[in-house]
Amino acid sequence: MSSSLASTDTSEEVVARQHFSSDSGTVLRVGPLKPSLEETLSEHYDADLLPDGPMRAQFLAAHADKITAVVTSGRTGVDAELMAALPNLGAIIHFGVGYDTTDVGRATELGIGVSNTPDVLNDCVADTAVGLVLDTMRGFTAADRYVRAGRWPVEGNVPLARKVSGARVGIIGLGRIGSAIAKRLSAFDCVIAYHNRREVSGSPYRYVGSAMDLARDVDVLIVAAAGGSGTRHLVGREVLKALGPNGFLVNVARGSVVDEDALIDLLQSGQLAGAGLDVFAR
C-alpha cells in the first residue's frame, strides 16, 4: 500500500485502502465501483474485475485459489455461491455503507470478515433526504418542469404546495443517517417521531411501535432503514394507505424497503400526495 494518498481521494477510498497491505494477497473487484477506486485497486493491488457471463467460470477456474479479498459495493455484493467458489477468501470489503446484497450469515459461517464504510456519507444522505422533502412537498422541480413546458401562460399558476416548516415527520430507522435527518428537520420546527426495531435510549424524539402507526400520524414518512430480507416491503400497501392522500413518502434507504408497485398504484389513484425517491426496487 502506498504511503501517500492522492488529494482527490474520498473518505470511502481511504477506508477501503486501509483494509489492505502490500502483502495482503490477490484482490478481486466484484461489480462496478467508483472509477478512481477501480484505478487504485488495479494499479496498487493488481485487482482483476470478476467477469460476467461464460467468462466468469473460466476466470474462477484459473484464479479462484489466489483470491483472498473482494472489494464490492451494496449494489452488487457477494452471494454464497461466489463465496463457495473462492476457497481462500478472507475478507469482503464494501465500498459504501450498504451490504445487504452480501450473504453475511454465510460469510460468518465460513469465517470471512465483512466490512463497510459507515459514517462517511451520513451528512450527504441526510442532506439529500431534506432536499427531497423540500422538493416533494414544495414542488420545486415539478414547477420548473411546468414552466419550461410552456404551461404557465396557458394553464395559469402552478398549484399551491405544502408547507414544510412545522410538518409532522416520521422517520423509519433512527440510526446514524436517520438521526442526522431528524437534526436537520428540527431546524424547520418539524415534529419528529420515529420507528425502529427498538427504542433509542435518550432520543429526544417520540418512539412509535410500528410503521403503520407512524405513517398514520405524520405528514411525511422518511425511510432510512437498512435494506435486506428483514425489511423487505416494510413500507407496504397498508402502511402507504395509512399515510394517506395528504401524505408524502421519502425513501433514501433501499428500494426493497418500499412496495414500489403499491406506491405507484396509490400515487396514480390519488391515495398518496407525493413521493421523493433516491432509490428504486429495480
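## Around helix α12

Just after helix α12, G270 adopts a positive phi of about 75 degrees. Before going further, please keep in mind that this is a predicted model, in which local features need pLDDT of at least 70 and side-chain atom pairs count only at pLDDT 80 or more, while totals for chains, interfaces and linings use all residues. Residues are numbered from 1 along each chain as its sequence is written, and side-chain values use heavy atoms, with hydrogens and water left out. Helices (H or I, at least four residues) and strands (E, at least two) are DSSP runs, numbered from the N terminus.

Helix α12 spans residues 260-268, and its buried residues are E260, A262, L263 and L266. Viewed down the axis of α12, these buried residues fall within an arc of 155 degrees, so they line one face of the helix; the arc is that of the directions from the helix axis to the C-beta atoms. D261 and Q268, on the other side of α12, are exposed. Here, buried means under 20% relative accessible area, exposed over 50%, and partly exposed in between (1.4 Å probe, protein chains only).

What covers the buried residues of α12? The cover includes α11 (237-243), β10 (248-251) and β11 (274-277).

Now to helix α9, residues 176-186, where I177, G178, A180, I181, A182 and L185 are buried. Among the elements covering them are α6 (122-138), β6 (168-172), β7 (191-195) and β9 (220-223).

Because R176 lies in helix α9 and D119 in the loop between β5 (113-115) and α6, the pair ties together parts that are 57 residues apart in sequence. R176 is exposed, at 53% relative accessible area, whereas D119 is partly exposed at 42%.

The structure holds 17 salt bridges, each defined by a side-chain nitrogen of Lys or Arg within 4 Å of a carboxyl oxygen of Asp or Glu. In one of them, the side chains of D219 and R168 meet (3.0 Å, N to O). D219 sits in the loop between α10 (211-216) and β9, and R168 in strand β6, so this pair joins parts that are 51 residues apart in sequence. D219 is buried, with a relative accessible area of 16%, while R168 is partly exposed at 35%. Both belong to a network of salt bridges that links R162, R168, R206, D217 and D219.

## Helix α10

Within helix α10, R216 and D213 are 3 residues apart, about one helical turn. They form a salt bridge whose closest N and O atoms are 2.8 Å apart. D213 is partly exposed, at 40% relative accessible area.

A211 is also found in helix α10, and at 7% relative accessibility A211 is buried. Which residues does A211 contact, leaving aside its neighbours within four places in sequence? They are I172, H195, L234 and V239, where contact means heavy atoms within 4.5 Å. The C-alpha atoms of A211 and L33 are separated by 34 Å, and the two residues are 178 residues apart along the chain.
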